[in-house]
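Trainee: Please take me closely through one part of this model, the salt bridges and the surroundings of their side chains.

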Amino acid sequence: MPLFRVDSYLKYQFDFITIKKQPFFSYFCQSIISYQNLSTPHSILDTPIDYVKGIGPAKGETFRKELNIHSVQDLLFTYPFRYIDRTTFHLIKDIKTDGDNIQLKGTLVSIEKIKGKNNRSRIQGMFKDGSGFLELVWFQGATWLDKVLQVGQEYIIYGRVTIFSGKKTMAHPEMELLSDAATALSQTYDPVYSSTEKMDGKGLDSKARRKIIKSLLGSISDVDLPETLPHYVIEKLRVCSRYNAIRWIHFPENEEQKSLATNRIKFEEFFYVQIRLLQSKIMRKYKYKSAPFTIIGEYFNTFFKTRLPFELTNAQKKVIKEIRTDMGLNTQMNRLLQGDVGSGKTIVALLCMLIAIDNGFQSCIMAPTEILAQQHYVNITSLLGDMSINVAFLSGSVKGKKREVILQGLKCGEIHIIVGTHALIEPTVEFQQLGLAIVDEQHRFGVAQRASLWKKNSALAPHILVMTATPIPRTLAMTIYGDLDVSVIDELPPGRKEIQTIHKYEASRPQLLQFMHSEIAKGRQIYIVYPLIEESETLDLQNLQDGYERLLQYFPPPDFQISVVHGRMKAKDKDWEMQRFINKTTQIMVATTVIEVGVNVPNASVMIIENTERFGLSQLHQLRGRVGRGADQSYCILMTDFKISKEGKERIATMVRTNNGFEIAEADLKLRGPGDIQGTQQSGLLDFKLLNIGQDRAIMDAARNIAIRIIENDPNLERDIHENIKYQVAKLRQKHKDWARIS
Ligand code: ADP
Ligand code: MG
């Protein structure tokens with residue numbers, strides 16, 4: 001029987017693996033350790049590049065210095081970033097603008113130098129084939145071209161056609177005399193490698209590298225590039241062999257070879273990451289024991305029966321059940337709780353902490369900012385009311401005697417729940433019995449910070465719940481949280497009106513001011529958010545300051561009051577201003593993005609975002625989530641100048657189109673890539689050469705699902721057919737030593 005069915009890996013499944021008990025776990029740990037002493041048999045792949053035909057010591061040095069390419073392996077596994085399609089000659093009459101690079105064959109009709117503005121000259125040419133004429137243009141740096149190119153000769157030209165000065169034009173085409181162009185006629189895709197100025201200067205431009213790699217590949221056989229995937233996986237997935245993948249990624253003869261090679265490499269890039277994540281997950285399950293919370297007792301029940309302010313949504317009930325089951329085991333819970341802003345994660349967190357208390361354990365909840373932590377503290381204490389539960393607050397600003405008392409209370413177990421910032425992970429913070437650690441708004445914490453939380457208990461590890469309000473696209477979640485179990489709150493509490501999102505230009509400001517007046521007259525409150533310009537903090541403040549002063553003219557005291565909050569205020573002042581807004585002393589809150597996360601003022605119903613084009617999508621969504629928290633119709637108004645980049649427009653259109661955080665996260669990932677996610681870069685988790693996690697979802701699903709099936713059936717990778725996998729994983733483990741500590 002096959003281990004998995006071909007069709008099953010294609011199915012949409014958010015199946016974060018559930019590991020069954022494996023009796024041979026201790027052996028599993030040992031086998032990983034014994035694999036640490038890997039010695040790779042010497043192969044041609046390890047040969048230093050100096051010995052490759054056409055390179056030598058001098059060029060070898062350039063390769064090392066410029067591109068960090070040391071060996072034959074490095075050279076072969078540095079892939080082209082695009083190809084020159086030599087397989088077709090397109091016709092001028094059929095050309096579409098803004099398409100791919102294309103190849104044309106024809107005659108250079110004329111060439112001339114044109115003096116433009118500011119002494120900048122350009123070279124302009126005219127090209128024809130049997131079907132029509134096409135303009136060619138070269139801007140700076142090509143002044144000698146008119147001397148080299150020969151009018152009246154036949155050329156093969158290559159480039160992308162766009163509209164320039166109202167005409168179809170190919171800018172900076174590559175030109176090759178037809179009589180010289182032996183390769184151009186050979187029906188190939190020529191690889192183009194990323195290069196540097198120094199590489200080009202040392203005669204190692206793309207063309208030269210093409211030649212070197214071509215001849216190198218000619219001397220390499222499939223024995224030198226052995227298979228890394230089990231054969232049954234190759235057969236089931238119909239991917240090409242590793243040997244072919246490497247040959248074809250450099251020199252595909254057609255589209256099919258190109259995509260076969262690309263897909264095979266992408267698959268492998270993701271597959272081993274998944275195997276490693278899943279193995280870590282199993283290992284952790286067995287290595288870290290936690291106290292099983294078997295009792296649902298007095299605290300939970302009393303709260304549930306007498307203090308729960310609303311009926312839980314079905315989604316909330318579902319995730320609480322998942323968490324409860326997980327915490328009921330003696331293996332450590334490592335769970336990610338995803339839920340859009342306003343989906344009600346706080347109450348879920350609190351109910352889980354009550355279970356911990358029922359079982360005689362302490363809990364902590366850690367938030368990324370002081371304001372957020374404070375807010376959790378206020379929320380939690382007011383929800384608990386007069387129940388006899390000790391909740392304390394700890395941050396960097398809690399000092400002296402007060403801090404002493406709290407540290408003491410934690411150590412002797414008097415404090416049941418501690419809410420705080422990352423002050424909580426400092427070594428001086430000791431618990432009597434920490435049973436549950438909750439990390440809110442995960443994306444702001446580094447991996448290491450998360451890890452240090454669960455070292456707080458010596459004997460038993462606390463259960464870990466990571467909460468995030470930034471919905472994470474599935475492919476990204478699979479990558480960076482692939483070793484966590486996931487719960488999703490996919491439903492908002494009832495009675496919320498959909499926030500209306502509107503894009504307005506500067507010209508509509510008078511109407512905006514009018515609208516603000518009318519909302520304030522209804523008793524509503526308003527946020528106005530300015531972007532944070534990192535390169536120029538002063539400019540940033542200036543922006544906010546100007547905005548504030550302008551507002552004062554339209555909303556003068558004493559009838560109107562305005563709060564101002566920004567990142568460089570003292571925590572105390574910030575809190576004071578926030579407090580004034582919360583208790584409705586002020587009607588308008590002018591702020592930078594410090595209010596982005598978690599702030600909860602249900603009476604605020606308007607969010608105005610200035611210079612919207614400067615914000616990222618996730619950030620905009622977070623900001624919008626500050627309103628729509630009460631029963632009133634809420635609005636999010638996105639202000640911009642007339643001039644916005646294409647991408648900026650797309651972001652705004654996405655915001656106007658949807659309120660769904662998951663949809664927005666997907667769009668964000670597509671637009672921006674996974675770039676700035678903390679704690680993932682150094683771990684090598686997003687270290688892909690070809691895989692694009694915004695776009696290669698089908699491949700990622702396939703890789704994950706196959707990895708799951710393999711690890712479920714053979715967690716130690718001890719079956720003969722998994723020998724290759726075991727070897728590759730051990731190699732990767734060596735490369736990323738920190739890997740076992742992730743999450
Ligand atoms: P987030 O998931 O963004 O942290 P919160 O926990 O702050 O969301 O909840 C947002 C608001 O919704 C809070 O005012 C909270 O009291 C309220 N809320 C949460 N769950 C429910 C529910 N089941 N029914 C009604 N209101 C709820
Ligand atoms: Mg929250």
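What relative accessible area does Glu-647 have, and is it buried, partly exposed or exposed?

Mentor: The structure is a predicted model, in which local features need pLDDT of at least 70 and side-chain atom pairs count only at pLDDT 80 or more, while totals for chains, interfaces and linings use all residues. Residues are numbered from 1 along each chain as its sequence is written, chains are lettered from A and ligands numbered from 1 in the order in which they are written, and side-chain values use heavy atoms, without hydrogens or water.

Glu-647 has a relative accessible area of 35% and is partly exposed (buried is under 20%, exposed over 50%, partly exposed in between, with a 1.4 Å probe and protein chains only). Its salt-bridge partner is Arg-651, with the closest N and O atoms 3.1 Å apart (a salt bridge places a side-chain nitrogen of Lys or Arg within 4 Å of a carboxyl oxygen of Asp or Glu). Arg-651 is buried, at 12%.

Asp-632 and Arg-524 form another salt bridge, at 3.4 Å from N to O. This pair links distant parts of the chain, 108 residues apart: Asp-632 lies in the loop between α20 (617-624) and β22 (635-640), and Arg-524 in the loop between α17 (509-521) and β18 (525-529). Asp-632 is partly exposed at 26%, whereas Arg-524 is buried at 17%.

Glu-311 and Lys-317 also meet in a salt bridge, 3.2 Å from N to O. Here Glu-311 is exposed at 62%, and Lys-317 is partly exposed at 38%. The whole structure contains 26 salt bridges.

Key: Helix = DSSP H or I, 4+ residues; strand = E, 2+ residues; numbered from the N terminus.
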